[in-house]
Amino acid sequence: MKFKIHSCICLNIIYLVLFCEIHAEPKPPLKCNLTQKLKDEIKSYTPIVNRIIKSAVSGNSQGQTWKELANFVDTFGNRISGSQNLENAIDYMLNRSISYGLENVHGEPVEVPHWVRGNERATLLSPRIQKLNILGLGGSIGTPPEGITAPVIVVETFDELQEKANEAQGKIVVFAEKWEGYGKTVQYRQYAAVRGAKVGAVATLLRSIAPFSINSPHTGWQDYSDDVRKIPTAAITVEDAEMLLRMYRQGRSITINLYMEAKTLPPVQSRNTIAEIEGSKRPEQAVIVSGHLDSWDVGTGAMDDGGGAFISWYSLVLLKQLNLRPKRTIRAILWTGEEEGLIGAFQYAKVHDKKDFNLLMESDEGTFNPNGLYFSGKDSTACILQEIL
Ligand SMILES: [Zn+2]
């Protein structure tokens, strides 16, 4: 989640800051020099802010966002880009927005990839038979119909793979990388297939990008490189990755059969979902609250990113129900094609002038107790936020 502010102080900011998912990040203390006039203006919004908080926490809107989200995910389930399910979910949110009286409700076209998982499985054949739970990585190609049966090498780092480059030819390379936090470890998911193919591997498997698992693999998107042969790639569980690493270190010969039907179909026209409450004084200036509607195909996307999408979207419903009209336009954007690389957001940035955006918020780190604020922007704006909080 990121917050960006160019300039403004209004009810919008106060409201958004208090009601969006918040994430703490320690920063050096700010040197602020706000005018008394500005401080007074911020203070003058307190009664309205309190009214909004009361409605959300203990009033008519208490629990409503959760109910809306639960109904949504129960109705549509997973919403992977390219699927009819996602488009049905977008239609639903457009209609729901209209039914709540939100304004300028519309979809904006975005072309998204259409990757389909199909059936997939992996079996450890030696030193003993064991089913390995896998999830093919988004964008992966499939295997031939008989699957790929090959000996295995296991490495913990890209450097180690480089050292063992002459052993990798014709093998399945398993990455049993150490968990060092998502941001750092995710490179193994992004580049496993490319790095493996460069040294002649026939497929890659990697330890799920997660601190632990309960025999549950974790998927995500990966990209091939145009100059490197494409090979199938999938995530295995933390337990299996560690077991394979132990076996390999003990010098046992390991063989795996990998079967994947994954394929990429032609791109599909999808939509970013937009709804607004138009500003009373500066309607051309927008404060954006957002999350993504698309999800992976193997869950309901309640957390990733149903929670973020719904706390953003429902904030407009709440304002509408309280009959509050902000000075600037508040725009909810429910992105499409996020999981495949922020496709909806990039398309939106391409066709809209960002000088019209005063504040952009995106919540996509799970929806938990608010305990801080991550902000990216000018110090002068951070000072305003600090004063508000
Ligand atoms: Zn997400």
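This is a predicted model: local features need pLDDT of at least 70, side-chain atom pairs count only at pLDDT 80 or more; totals for chains, interfaces and linings use all residues.
The zinc ion is coordinated by His292 through NE2, by Asp304 through OD, and by Asp364 through two OD entries. These contacts span 2.0 to 2.3 Å. Along the chain, the donors follow the spacing H-x11-D-x59-D. His292 sits in strand β12 (residues 282-292), while Asp364 sits in the loop between β14 (357-362) and α12 (379-388), so the pair ties together parts that are 72 residues apart in sequence. Both His292 and Asp364 are buried. The angles among the 4 donor atoms run from 56 to 146°, and the site is irregular. A tetrahedral site would need all angles between 85 and 135 degrees.

An unreviewed UniProt entry annotates residues 272-381 as "domain: Peptidase M28". Over residues 272-381, the chain is 29% helix and 28% strand. The end C-alpha atoms of this stretch are 28 Å apart.

Side chains of opposite charge can pair when their charged atoms come close. The model holds 17 salt bridges. One of them joins Arg271 and Asp91 at 2.8 Å, N to O. Arg271 lies in strand β11 (residues 263-277) and Asp91 in helix α5 (residues 84-99), so this pair ties together parts that are 180 residues apart in sequence. Asp91 is partly exposed, at 33% relative accessibility.

Glu120 and Arg117 also meet in a salt bridge, at 2.9 Å. Glu120 is buried, with a relative accessible area of 18%. Arg117 is buried too, at 8%.

Glu156 and Lys178 pair at 3.2 Å. Lys178 is exposed, at 54% relative accessible area. A network of salt bridges links Glu156, Glu160, Lys164, Lys178 and Arg249.

Definitions and conventions:
Residues are numbered from 1 along each chain as its sequence is written. Side-chain values use heavy atoms; hydrogens and water are left out. Donors are N, O and S atoms within 2.8 Å of the metal (3.2 Å for Na, K and Ca); water is not among the atoms, so sites may look incomplete. Four donors count as tetrahedral if all angles lie between 85 and 135 degrees; four count as square planar and six as octahedral if opposite donors are over 155 degrees apart and all others between 65 and 115; anything else is irregular. Helices (H or I, at least four residues) and strands (E, at least two) are DSSP runs, numbered from the N terminus. Buried means under 20% relative accessible area, exposed over 50%, partly exposed in between (1.4 Å probe, protein chains only). UniProt positions are given in the numbering used here, feature names are shortened, and annotations may be inferred rather than shown by experiment. A salt bridge is a side-chain nitrogen of Lys or Arg within 4 Å of a carboxyl oxygen of Asp or Glu.
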